Amino acid sequence: MIYRTVNILVFIISVLLAMYGLQAFDFERFLRKGRISEFYVFYIIASVALGYLFAQFILNFGTLSFY
């Protein structure tokens, strides 16, 4: 039960960190006029993908055993 709760929290925090990190890029340069809704879809998908990869890295790194 605790393991699942920690996993969910790590995934949520990772996605939020990815959203925060993507704000550093100036995507307005590449946007066409009137295509803001498509950008938000891309932004959410990219945030979830980066957050997932980061969370998997953190969770796998935490379960490594160093002998």
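Predicted model: local features only at pLDDT ≥ 70, side-chain atom pairs only at ≥ 80, totals over all residues.
A search of the whole structure finds seven aromatic pairs, and one of them joins Phe27 to Phe39 in a tilted arrangement, with 5.5 Å from centre to centre and 50° between the planes. This pair links distant parts of the chain, given that Phe27 lies in the loop between α1 (2-22) and α2 whereas Phe39 belongs to helix α2, 12 residues apart.

Phe39, for its part, is buried, its relative accessible area being 14%. The ring of Phe39 also pairs with that of Tyr43, the centres being 5.8 Å apart and the planes at 35°, so that this pair is tilted. Phe39 and Tyr43 stand four residues apart in helix α2 and are therefore separated by about one helical turn. Tyr43 is likewise buried, because its relative accessible area is 13% and the limit for that class is 20%.

## The aromatic cluster

Phe27, Phe39 and Tyr43 also belong to one aromatic cluster, which they form together with Phe25, Tyr40 and Phe42.

## Packing of the two helices

Helices α1 and α2 pack at an angle of about 130°, with their axes 7 Å apart, and that angle makes α1 oblique to α2. The crossing of the two helices is right-handed. On the side of α1, the contact is made by Asn7, Val10, Phe11, Ser14, Val15, Leu17, Ala18, Met19 and Leu22. The residues that α2 brings to this contact include Tyr43, Ala46, Ser47, Val48, Leu50, Gly51 and Tyr52, and among them are also Phe54, Ala55, Gln56, Ile58 and Leu59.

Ala49 is placed in helix α2, which covers residues 36-62, and at 38% relative accessibility Ala49 counts as partly exposed.

## Salt bridges

The structure holds two salt bridges. In one of these, Asp26 is joined to Arg29, with 3.6 Å between the closest N and O atoms. The two partners fall into separate accessibility classes, because Asp26, at 40% relative accessibility, counts as partly exposed, while Arg29, at 65%, counts as exposed, the threshold for the exposed class being over 50%.

Arg35 and Glu38 form a salt bridge in which the closest N and O atoms are 3.5 Å apart. Here Arg35 has a relative accessibility of 41% and counts as partly exposed, and Glu38, at 40%, counts as partly exposed too.

Technical notes. Residues numbered from 1 in each chain as written. Heavy atoms only, no water. Salt bridge = Lys/Arg side-chain N within 4 Å of Asp/Glu carboxyl O. Buried < 20%, exposed > 50% of the residue type's maximum accessible area, 1.4 Å probe, protein only. Phe/Tyr/Trp six-rings, centres within 6.5 Å; stacked < 30°, edge-to-face > 60°. Axes fitted to C-alpha atoms, helices over the stretch in contact; angles between N-to-C directions. Parallel < 35°, antiparallel > 145°, perpendicular 65-115°, else oblique. Left-handed = near helix turned anticlockwise from the far one by under 90°. Contact = heavy atoms within 4.5 Å.
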